[in-house]
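Here is a friendly walk through one protein model, taken a region at a time. Keep the structure open beside you as you read.

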Amino acid sequence: MATHLINSVAVFGFCVLASSANADETLTRARALFKALPESAQEASQLDPIDQNRIDLGRALYFDPRLSASGTHSCNSCHNLALGGDDNRADSVGHGWQSAPRNAPSILNSVFNEARFWDGTVANLERRAMGPVRTGVELSNTVDQIERTIGSMPQYVDWFAAAFPNEAGPVSFENTARAIEAFKSTLITPSRFDSYLNGEEGALSPEEIEGLALFIDKGCAVCHNGINFGGHDYYPFGVFEDPDADAQAIGYRARFVVTETVVDDRVFRAAPLRNVALTAPYFHAGSVWELEAAVGIMADTQLGERMTDLEVSKITAFLKSLTGTFIPLEYPLLPVETSTTPRPSEEVLPY
């Protein structure tokens, strides 16, 4: 009896040590592939040094529907900060109730994305803010109209002067984009995973650590790595197996619209996975509403791997640990219009 008890204790102790060793190895591998989010917005920003005046101006502009021709849509319409930074729709609704051709990605932590949009049609952060404003299917506005709108409101004029004090004409379309991007650079959401990378024991559950190990072992981290778990490069959708027609969004030609190279016909940005549990539906077509289903499809199409339900469940559990803490925002009180503020228009600009 005593011998049996001693053997049982020894086996238990060996299992604990083995489990601890596996967990340590997983952490070491994770640190080589991923990076924790910084603690401050200034550290996160890839722009010029930013101050609170510019951030506050950008916040107002982000929520202001008067940047759209119709006066009904703002940046927050498609990238809703109360919904994980997207709009939880398969395709976003823009000017004149038009549908965009692809799913809106989350704006959270977007300051870290090196590849922007699904197809990479813009090269830097400030131009990322300019595009939707001038796109017919989105805000459908013009540079002149935006500058006239902002310049017609004395409070905006004062805010631009404070945010860009060294410029003779601070009210401009370019500075509008710079201010919005300054605000967006503050939208960083550290998660339990960041605590885990920084050495906090117990930040992840055993199931989540097993899911992380599977995420690495199965090959998910080949495309979804770095600080944002993706958002840095482009890959074919359907490496080992073609996705079904709904997932592909037949007719949308991905990177081909930029490169005009046939092999890029189904090449897309690897979606950043931070806060992925909040941002259904998934893929560029917004065709899948369950995270577990999206994991299974990616395993089949990208990895050629038929995962078990348990493996999918563990990877999904890990992905949920990437849901971050978001500092609550106070909705801004926007400047008052004047008699010279341009009136809303229903004219649709070409896409």
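Let's begin with Thr341, which sits in the segment after helix 14. Please keep in mind that this is a predicted model. Is Thr341 buried or exposed? Thr341 counts as buried because its relative accessibility is 4%, and the cut-off for buried is under 20%.

Which residues does Thr341 touch, once those up to four places away in sequence are set aside? They are Thr149, Ser152 and Met153. With Ser152 there is also a polar contact, side chain to side chain, of 2.7 Å.

## The chain as a whole

Stepping back, the protein chain contains 14 helices and 2 strands. Of its 351 residues, 50% are buried.

## The nonpolar cores

The largest nonpolar core is made of 35 residues. Phe34, Phe193, Tyr196, Phe215 and Leu319 are the ones with the most contacts inside this core. At least two core residues come from each of helix 1 (2-33), helix 9 (192-197), helix 10 (206-217), helix 13 and helix 14. Which helix gives the most? That is helix 10, with 5 residues.

Neighbours within four places in sequence aside, Phe215 is in contact with Phe34, Cys220, Ala221, His224, Phe229, Leu273, Ile315, Phe318 and Leu319. Another core lies apart from this one and has 25 residues, including Phe63, Tyr156, Ala179 and Ala182.

## The largest pocket

Strand 1 (234-236), strand 2 (267-269), helix 13 (291-303) and helix 14 (309-320) are the elements that give two or more residues to the lining. Helix 13 contributes the most, with 7 residues. What is the lining like by class? There are 30 nonpolar, 10 polar and 3 charged residues.

Gln52 belongs to helix 3 (residues 52-63). Since its relative accessibility is 46%, Gln52 counts as partly exposed. Where does Gln52 lie relative to Ala182? These two are 130 residues apart along the chain, and their C-alpha atoms are separated by 9.2 Å. Ala182 was met above as one of the residues of the 25-residue core.

Asp91 is found in the loop between helix 4 (75-78) and helix 5 (125-134). Asp91 also counts as partly exposed, because its relative accessibility is 26%. From the C-alpha atom of Asp91 to that of Cys78 the separation is 9.3 Å, with the pair 13 residues apart along the chain.

Definitions and conventions. Residues are numbered from 1 along each chain as its sequence is written. This is a predicted model: local features need pLDDT of at least 70, side-chain atom pairs count only at pLDDT 80 or more; totals for chains, interfaces and linings use all residues. Side-chain values use heavy atoms; hydrogens and water are left out. Helices (H or I, at least four residues) and strands (E, at least two) are DSSP runs, numbered from the N terminus. Ala, Val, Leu, Ile, Met, Phe, Trp, Tyr, Cys and Pro count as nonpolar, Asp, Glu, Lys and Arg as charged, and the others, Gly among them, as polar. A nonpolar core is a set of buried Ala, Val, Leu, Ile, Met, Phe, Trp, Tyr and Cys residues joined through side-chain atoms within 4.5 Å. Buried means under 20% relative accessible area, exposed over 50%, partly exposed in between (1.4 Å probe, protein chains only). Contact means heavy atoms within 4.5 Å. A polar contact is a pair of N or O atoms within 3.5 Å; within protein, one must be able to donate a hydrogen and the other to accept it, and residues adjacent in sequence count only if both atoms are side-chain atoms.
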